[in-house]
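Please have the sequence and the structure at hand.

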Amino acid sequence: MIGTMDWGMANRLSRVIQPDGKAFFLPIDHGYFQGPTHCLERPQETIAPLLPYADALFVTRGVLRSAIAPSLDKPVILRVSGGTSVVGGDLANEGLTTAIEEIVRLNASAVGVSVFVGTSYERQTLLNLSQLVNQCEPYGIPVMAVTAVGKELEKRDARYLALACRICAELGAKVVKTYWCEDFEKVTGGCPVPVVMAGGPKCNTEREVFEFVHDGMSRGAIGVNLGRNVWQAPHPVPTIRGLRAIIHEGASVDDAVDVFQQAKAETV
Ligand code: 5RP
């Protein structure tokens, strides 16, 4: 796909998706609707030891400017939708928050926007995605669509997620971020652009995280956009190292647990 794109678009995409075709995005954007999220109160401290193992950072312009050094040597995926909060009326009622001039000024390698398919704000958020694609394409900036479900976590089944992901690709997203689910090949198989998995609420053990990520990768995902299951984990660096082994080295779940245990022993 990259070969047929304009140089700028291809160059940005090749910064966020690695030469092996895989990707580990580290999201720290949660505060844009839920405030000072546990373990993200001081984002710069949380991410410092994790950055060497991430391929890109998913972040809002506010946290980027206030907490991240401009010498950052990782590509930035800028979160550019919002306008709602966990204490407001409806999380789905999002708009676009960040102008194209800002996106260019911040040297974003990509941008991310949420869509809420099946809600009262479906049309509005899908048009947000389309409008963002219209604004970003002339500058060669790829758009990542985020298939969000708000508080309705039970929506995360293959039929719904396949529908939502396909619509995002049809409207011009270059990458789609969605939740892992059973039969994940039904989601990736119907989506003509790369799919990355978000984590959702924290799993109980590292093995559980490794298992769903391994399963999703074996069913066509190119990687993850994984936040809470990394930086809220009891051992964030060993956890991200185990996950990276699955994504970039094709490690099995048992291998990833070994990587995790070894990294944990090194940090004691
Ligand atoms: C929420 C997001 C996050 O980037 C996404 O949900 C991934 O984080 P987590 O793995 O914690 O679910 O879009 O704003």
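The shell around the ligand has five nonpolar, six polar and two charged residues. Here Ala, Val, Leu, Ile, Met, Phe, Trp, Tyr, Cys and Pro count as nonpolar, Asp, Glu, Lys and Arg as charged, and the others, Gly among them, as polar. Pro 27, Ala 198, Gly 199, Gly 227 and Arg 228 come nearest of the 13 residues around the ligand (a residue is near if its C-beta atom, placed from the backbone, lies within 6 Å).

This is a predicted model: local features need pLDDT of at least 70, side-chain atom pairs count only at pLDDT 80 or more, and totals for chains, interfaces and linings use all residues. Residues are numbered from 1 along each chain as its sequence is written.

Helices are DSSP runs (H or I, at least four residues), numbered from the N terminus. Axes are lines fitted to C-alpha atoms over the stretch in contact, with angles from 0 to 180 degrees between N-to-C directions.

| Helix pair | Axes come within | Crossing angle |
|---|---|---|
| H9 (residues 206-218) and H12 (residues 253-267) | 9 Å | roughly 140 degrees |
| H11 (residues 236-249) and H12 | 8 Å | roughly 150 degrees |

H9 and H12 are therefore oblique to each other. The contact is made by Glu 206, Arg 207, Phe 210, Glu 211 and His 214 of H9 and by Val 253, Ala 256, Val 257 and Phe 260 of H12 (contact: C-beta atoms, placed from the backbone, within 7 Å). These residues divide into five nonpolar, one polar and three charged.

H11 and H12 are therefore roughly antiparallel (angles under 35 degrees count as roughly parallel, over 145 as roughly antiparallel, 65 to 115 as roughly perpendicular and the rest as oblique). Their contact residues divide into 10 nonpolar, three polar and three charged.

Terms used
Helix = DSSP H or I, 4+ residues; strand = E, 2+ residues; numbered from the N terminus. Contact = placed C-beta atoms within 7 Å.
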